[in-house]
Amino acid sequence: MRQRRINLRGLVSPLAVGLLWELLVALGVLNANYLPPPSQLAPHLVALLAGGELWRHLSMTLYRLCLSFAFALIPAVLLGLSLGMSRNLRLALEPLLTSLYAIPKIALLPLVMLVLGVNERTLIFTSALTSFVQMTISTSGGVLAIDRSVLEAGKNYGATGWRLFRYVLLPSALPDIFTGMRIGLALTLVLVIAVEFTAAQEGLGAFLWTAGQTLSAKNMFSTFTVIGALGWILSYGLERIGNRLMPWRQRSSAAMFL
Amino acid sequence: MSYRVLSREVTIPLATLLIMLAAWETLVHTGVLRAAFFPAPTSIAHTLLGLALSGELWVHAGTTLGRLVLSFVMALIPATVLGLAMGWWRTVRTTADPLVNLLFPIPSIAFFPVVIFYFGLSEWGLLLTGAITPFLLITVQAAAAIEGLERTLLEAGRNYGATGWRLFVRVMLPAALPHLFIGYRLAVGVGFIVIVAVEMIAAKHGLGGYLWHSWQILRIEEMYVGLVLIGLLGIFVTYGLEALARRLMPWQVDLLRVKEQR
């Protein structure tokens, strides 16, 4: 009951902003060509989606996101778990991983282009690297954060080897692996869109960039809305799924949505 | 004395780093790695030195650093004020929270075309793009910092006679500061990614622009120099600020360390 009331109140200020926008355009204070109000944007967005053009760009971006994520997932989790369990391996890979973590992955794009050429593979590889680094670090962090007493308890109850891994280590590290997946995907989305701006003909980034350059405010805001929705699903949606799947995990604070 | 210094924490990373660099160097000289793609570390270092002496490098590094600082300040001040106000006054929170939450998950770089649509490809457009997501992030974190304070802390403060402004400055702010700082650090990290990306897409100056330009004219050594500098700046932004936080707020070391692992 209380939850519902908060949700309704949350609609007040966005609605107020929308109404104010409409009003200012109607009064002629704002130019509808530059700032099309929601009442004009909504039909335009629907038309773009119905016409199939926006779908094409959306599916291209999603394809890039999913493919690179699929490449990164298993190696990242395996490496992350090994790093969490072996101190020597962690120390040995530390220089490489910390530099890769700290550098904005888009800066690696020219180097990858140099080696793989200016093509789709370059974009997928750089995207996969973004997810990979984030997931590896989160996974190893998850293993390292496991309370020693939990491990000891598991051992005392007779869990060793695979059983210790399956019933103690993995469930404890899973929330962090999931957080790494979510942040990795969010960072990858930023990278994919940035690359699409100038180096791709298809994809939401390319469409958004063209719309901005050709001064088509309606196309621009429509695409922006779709990208925003994608970002929303990736952060809030995945977070809810994570909480549902892993009730034992601690709810992360809002600022951890990157 | 030197026994402690030479522990595994230092020797192993250092050894792997040196081995990787040595292997790279050897593979280039034996022709296994193509020097056109992967110039030897020594020749990259040579180019870096030359560029540093000619001063060209400092112009680009300074530009990027300046942009990072300016856009961060543009985000920092209004976001801290808004976030603290959201934590303190319920009305502010219920009004601003939905808007902030609506904008926050939008990929930061997507704001760029929208910003240059209105502001043109100007320095302001660049700075504003770099400031948007940090602004939202700091706001969320500051509001959560005040909201997450332990009630016992506030009660204790009140019992000692602190009310209103005094309670805020003397009790709440110091307790919230480490959380605020986490927000600041994450915000600088995000701002850095956006600024490098935007520079690569649309700027002539700055490390991102320099990196992109040297790739386009196939000056590969210079491209690596750009990459190294972006990496160094990234390392400072990611790890240096955290070390600074430990220095400034020694009473909250554990908190900072736990959050770091996310």
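Two residues are taken to be in contact if their C-beta atoms, placed from the backbone, lie within 7 Å. By this criterion, 51 residues of chain A are in contact with 51 residues of chain B. The model is a predicted one, in which local features need pLDDT of at least 70 and side-chain atom pairs count only at pLDDT 80 or more, while totals for chains, interfaces and linings use all residues. Residues are numbered from 1 along each chain as its sequence is written, and chains are lettered from A in the order in which they are written.

On the side of chain A that touches chain B, the largest share, 9 residues, comes from H4(A). By class, this side of chain A has 35 nonpolar residues (Ala, Val, Leu, Ile, Met, Phe, Trp, Tyr, Cys and Pro), 14 polar and 2 charged ones (Asp, Glu, Lys and Arg), with the others, Gly among them, counted as polar.

Turning to chain B, 12 helices and 0 strands are found, where helices (H or I, at least four residues) and strands (E, at least two) are DSSP runs numbered from the N terminus. The C-alpha trace of chain B spans about 75 × 60 × 30 Å along its principal axes.

A nonpolar core is a set of buried Ala, Val, Leu, Ile, Met, Phe, Trp, Tyr and Cys residues joined through C-beta atoms within 7 Å; buried means that 20 or more other C-beta atoms lie within 10 Å of a residue's own. The largest such core has 123 residues, of which Ile193(A), Ala194(A), Val196(B), Ala197(B) and Leu211(B) touch the most other members. Helix H9 of chain B (residues 164–202) gives the largest share of this core, 19 residues.

Conventions: Buried ≥ 20, exposed ≤ 12 C-beta atoms within 10 Å, placed from the backbone.
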